[in-house]
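Subject: Structure for your review

Dear colleague,

Please find the structure below, handed over for your work.

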Amino acid sequence: MSTIFSELNHKLSAVTGARIAGHVQSVTGLSLTVVGLERAMGIGQRCHVYGRRGPVLGEVVGIGADGTHILPFGSWDGVSAGDRVEVRAHGDIIHPDDSWIGHVVDALGRPVGDASGDAGGFRQGERARDVKAQPPRAFDRKRVGAKLATCVKCFDIFTPLCRGQRMGVFAGSGVGKSTLMAMLARNTDADVIVIGLVGERGREVQDFIQEDLGPEGMARSVVVVATGDEPPLLRRQAAWTATAVAEHFRDQGKQVLLLIDSVTRFAMAQREIGLSGGEPPTSKGYPPTVFATLPHLLERAGPGAQDVGDITGIYTVLVDGDDMNEPIADTVRGIVDGHVVLDRHIAEQDRYPAINIQRSISRMLPDCHTDEEFRIMQAARRALGKYADMEDLIRVGAYRPGADAETDAAIRFFGPATAFLSQRKSQKQVPAEAFAGLRRLLQEAGVEVPEPTEAR
């Protein structure tokens, strides 16, 4: 009987004009408890709470013996016990449209404006999309496609990016993640760029759009923004909305570059939601749903089916205290198809992007490089690794030139290579020129490039 009643309530809630209502029993912190809707609402469903300051949109995060627990997309200010709560049907969908390109939207898919603040020409699409859609099934996907030119030398040479690949960018605060993301958005060979700014500083949103991204990047981008002062539901929603927008363009057969900055703030928002819903804290205070939600988000990117495009995903991870093994960084690294580590020590030497080449890897290697490109990359990586091993001895004068020919060549190569790999955000270089320049530096330094092989 209870199953029949539950199904009946679900069908009634989907009928246009239906009103299923309960009332507020209590408010504790962010969590509001509602009674009278236990059989009408499920986890993730939306509702309106009618306080004296007007309706507040909320989402169900838990159901217990005492009632239904709801978190707000805004603030509970003005809400009191006894206020009416109405179920909202189909609240977790958006309607992306091609007209969104060049615009900024909020986490709920509402226009904020383009780079100048103008939302003219923006319209809602005809097809509804679930922001929490399931990832494509494994055997429905294509394989990862051809290599993408990012025109960022470090990326193209040492950590190449392919169509449908997912890459993590790991760094502490202030090491250049946002600038690197803007360089990739400006220069990468993709049809549409979708950027999700999750928990971003409000002051930096306009700087990122107007200065880092610029008119060239904004002309083919959709930017989804939820700033750090917004409620955790909106910060989490921003990543889901950006992914749903990327899926819209992917299904049109387009190549989409999805940039999420940052996954850590998405996880922190989920942590706040989970703890407010009564989940127990586990690793570093993160509840279990964080580690269940991350794969669901990241797996939605990647190669599409045979008749659609691909989503190439780049996700930044803000590591706590520069600890690359903290729980979120460790989890994301195990899901994505490669990782790029930005090093504070390199940034302090004024080399940007501050990519630590020895600690960064693309799982598409070696097959995505030609044989010659792979040999050049291999020689450069070995020379830089040799210098890193001997750096302390070189700096204190304990190494004598001439003691080892390979070390001498690495020393000669290090300085010019550091200058060559440095790149301002306004600069770009096609991969062929980048490999040619690096090969010239290797030859001038006397670093031996491996001989060609018939097969790798």
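Helices α10 and α11 are roughly perpendicular to each other, a term used for angles of 65 to 115 degrees, where under 35 counts as roughly parallel, over 145 as roughly antiparallel and the rest as oblique. Their axes cross at roughly 100° and come within 8 Å, α10 covering residues 371-395. Axes here are lines fitted to C-alpha atoms, for helices over the stretch in contact, and the angles run from 0 to 180 degrees between N-to-C directions. Helices (DSSP runs of H or I, at least four residues) and strands (runs of E, at least two) are numbered from the N terminus.

Before the details, a word on provenance: this is a predicted model, in which local features need pLDDT of at least 70 and side-chain atom pairs count only at pLDDT 80 or more, whereas totals for chains, interfaces and linings use all residues. Residues are numbered from 1 along each chain as its sequence is written, and side-chain values use heavy atoms, with hydrogens and water left out.

The contact between α10 and α11 involves A380, A383, L384, K386, Y387, M390 and I394 on the α10 side, and E406, T407, A410, I411, F413, F414 and A417 on the α11 side. Contact means heavy atoms within 4.5 Å. By class, this contact has 11 nonpolar, one polar and two charged residues. In this scheme Ala, Val, Leu, Ile, Met, Phe, Trp, Tyr, Cys and Pro are nonpolar, Asp, Glu, Lys and Arg are charged, and the others, Gly among them, are polar.

Helix α11 (residues 405-421) also packs with α12 (residues 431-445); the two axes come within 8 Å and cross at roughly 150°. The pair is therefore roughly antiparallel. From α11 the contact draws on A409, R412, F413, P416, A417 and F420, and from α12 on A434, G437, L438, L441, L442 and A445. These residues divide into 10 nonpolar, one polar and one charged. The crossing of α11 and α12 is right-handed; handedness is right-handed if the near helix is turned clockwise from the far one by less than a right angle, and left-handed if anticlockwise.

The remaining pairing to report is α10 with α12, whose axes are 10 Å apart at an angle of about 50°. That angle makes α10 oblique to α12, and the crossing is left-handed. Here E372, E373, R375, I376, A379 and A380 of α10 meet F435, L438, R439 and L442 of α12. The residues of this contact are six nonpolar, no polar and four charged.

D97 sits in the loop between β7 (93-94) and β8 (104-106). With a relative accessible area of 13%, D97 is buried, where buried means under 20%, exposed over 50% and partly exposed in between (1.4 Å probe, protein chains only). The D97 side chain makes a polar contact of 2.8 Å with the side chain of S99, and another, of 3.4 Å, with the side chain of R123. A polar contact is a pair of N or O atoms within 3.5 Å; within protein, one must be able to donate a hydrogen and the other to accept it, and residues adjacent in sequence count only if both atoms are side-chain atoms. Apart from neighbours within four places in sequence, D97 is in contact with R123, Q124, G125, H248 and F249.

Backbone geometry and loops

Most residues other than glycine have a negative phi, and most peptide bonds are trans.

- The peptide bond between D261 and S262 is cis, with omega about 10°; S262 lies in the loop between β16 (255-261) and α6 (263-276).
- A cis peptide bond also runs from Y352 to P353, with omega near -5°, and P353 belongs to the loop between α9 (344-348) and β20 (361-362).
- C151, although not a glycine, has a positive phi of about 65°. C151 is in the loop between β11 (147-148) and α2 (153-158) and is buried at 10% relative accessibility.
- D350, also not a glycine, has a positive phi near 65°. D350 is in the loop between α9 and β20 and is exposed at 60% relative accessibility.

Finally, D323 lies in the loop between β18 (310-318) and α8 (327-335) and is partly exposed, with a relative accessible area of 31%. The C-alpha atoms of D323 and A171 are separated by 8.9 Å, the two residues being 152 residues apart along the chain.

With kind regards
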